[in-house]
Amino acid sequence: MAGILVCIEQRNGEIRKASLQALSEAKRLAGGDLPVAAVLIGEGVTASAAGLGANGASKVFVADDANLKLYSAEGYAEAVVKAAEAFGPSAVFFSGTAMGRDLAPRVAAKLGVGALADVVALSREGETFVARRPVYSGKAFTTVDSAGTSPQVISLRPNVFELEEGGGAAEVVALDGLALSIRAVVTEFLAAEGGEIDVAEADVIVAGGRGIKGPENLGLIRDLADALGGAVGASRAIVDAGWIGHSNQVGQTGKVVSPSLYIACGISGAIQHLAGMSSSKVIVAINKDPDAPIFKVADYGIVGDLFEVIPPMIEAIKAL
Ligand SMILES: Cc1cc2nc3c(=O)[nH]c(=O)nc-3n(C[C@H](O)[C@H](O)[C@H](O)COP(=O)(O)OP(=O)(O)OC[C@H]3O[C@@H](n4cnc5c(N)ncnc54)[C@H](O)[C@@H]3O)c2cc1C
């Protein structure tokens, strides 16, 4: 009986939440009859491998090498393929982070199979995984599978699948003999200044659009985000205007996010913006135009001037 292999992403040795969500989903789908393994890649990561048992892995393949300290498409793909060859899975799961979106198709190509990307729901029929994924910028969903290809390569959208804990320690297997013929070497990783929470990771996002009028008013959005312990998101309009960096942009050409709470302030709700945030669990929209399309996807809508609505919200949240 084959199983599910999950590629685990770490940054500075810290396992990313999106990977644990993918691993938890693998465990749920596996039920009692498919084994679940993980592959962990980096430098000095062996110590954290056994702990992945808590999220469902019974075995963890580890590629621990100084040449893998920073993400390298070639090196990481080689390690995942090696783990897949050793484990012989029916499916390989990735989280749909920037790294996962880069790595999954490369691994699929090396394995000679296709890849299903940005999956938001999964079910299993025998050893075939049936995936639901958005198409046409999230206007529609399609149900697809890659039955007949082995393994099935699938990337799971972050923050859509529940994270579960409750397992023992996993068996750790070192992946030896990697050639690691890396031609494009990442020499340095520079984190964004200010230590801001990344929108792709955040559980709460407060996003600003052109309705904030100018960069001098971003402080209001930041204050609301800070009060909620969340990240600051942005529409493309204000990124293009140079009011905030592209790393904050949510949407088709920005980041795809699924936080528990998304507050859109002065954002009209263009289809390209909705493509990045419509799978948020609770959406609140603040807009002075009652006909703004954002209200069609919002769970709670506040029709009003954001400069009047947000300050009392911040006060009320702080009072709580
Ligand atoms: C190929 C392509 C890719 C794109 N990718 C993206 C993407 O990734 N992300 C993205 O966001 N966009 C993207 N866009 C752009 C998108 O089409 C919209 O132009 C953009 O999202 C609009 O941004 P906005 O909502 O901030 O601005 P607007 O559409 O100008 O909306 C501003 C809103 O603010 C409201 N408002 C004004 N004043 C106030 C106030 N005082 N209080 C409350 N509300 C107020 C207005 O009623 C209005 O609804 C893309 C476009 C293309 C063609």
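Six bridges tie β4 (36-42) to strand β5 (residues 59-64), and the two run parallel. The model is a predicted one, in which local features need pLDDT of at least 70 and side-chain atom pairs count only at pLDDT 80 or more, while totals for chains, interfaces and linings use all residues. Residues are numbered from 1 along each chain as its sequence is written.

Zooming out, β4 and β5 belong to an open sheet of seven strands with parallel pairing, in the order β7-β11-β6-β1-β4-β5-β12. Two strands pair if DSSP finds at least two bridges between them. At the edges stand β7 (115-119) and β12 (171-174), each with a single partner strand, so one side of each has no neighbour in the sheet. On average, neighbouring strands of this sheet are turned by 25° against each other, direction ignored. In a regular strand, side chains alternate between the two faces of the sheet.

Helices also pack on this sheet. Helix α3 (residues 73-87) lies across β1, β4, β5 and β6, and runs at about 155° to β4. Helix α4 (residues 98-111) touches β1, β6, β7 and β11, and its direction makes about 175° with that of β11. For these angles, axes are lines fitted to C-alpha atoms (for helices, over the stretch in contact), and the angles run from 0 to 180 degrees between N-to-C directions. Contact is called when two C-beta atoms, placed from the backbone, lie within 7 Å.

What about the two edge strands? Three bridges join β7 to β11, the two running parallel, and Leu116 stands opposite Ile154 in β11. Although β7 is an edge strand, it is mostly covered, with four of its five residues buried. Buried means that 20 or more other C-beta atoms lie within 10 Å of the residue's own, exposed means 12 or fewer, and partly exposed is in between, with C-beta atoms placed from the backbone. Leaving aside neighbours within four places in sequence, Glu171 is in contact with Ser58 and Lys59. Glu171 and Ala49 are 122 residues apart in sequence, yet their C-alpha atoms are 8.4 Å apart in space.

Next comes helix α1 (residues 17-30). Because 10 of the 14 residues are buried, α1 is largely enclosed by the rest of the structure. Among those buried are Ala18, Leu20, Ala22, Leu23 and Ala26, and also Glu25 and Lys27. The cover over the buried residues includes β1 (4-8), β3 (14-15), β4 (36-42), β6 (91-95), β8 (121-125) and β11 (152-156). Just after α1, Gly31 takes a positive phi of about 60°.

A second open sheet has three strands with antiparallel pairing, in the order β8-β9-β10. Its edge strands are β8 and β10 (140-145), each pairing on one side only. Five bridges join β8 to strand β9 (residues 128-135), with Ser123 partnered by Val130 and Leu122 by Ala131. The two strands form a hairpin with two residues between them, and Gly126 in the turn has a positive phi of about 65°.

Finally, there is the ligand, with 28 residues around it, of which Gly209, Gly211, Ser235, Arg236 and Gly251 come nearest; near means a C-beta atom, placed from the backbone, within 6 Å. At least two shell residues come from each of α6 (236-240), α7 (271-277), β16 (282-287) and α9 (306-319). By class, the shell has nine nonpolar, 14 polar and five charged residues, where Ala, Val, Leu, Ile, Met, Phe, Trp, Tyr, Cys and Pro count as nonpolar, Asp, Glu, Lys and Arg as charged, and the others, Gly among them, as polar. Val250 is found in the loop between α6 and β15 (261-265), and it counts as buried because it has 31 C-beta neighbours inside 10 Å.
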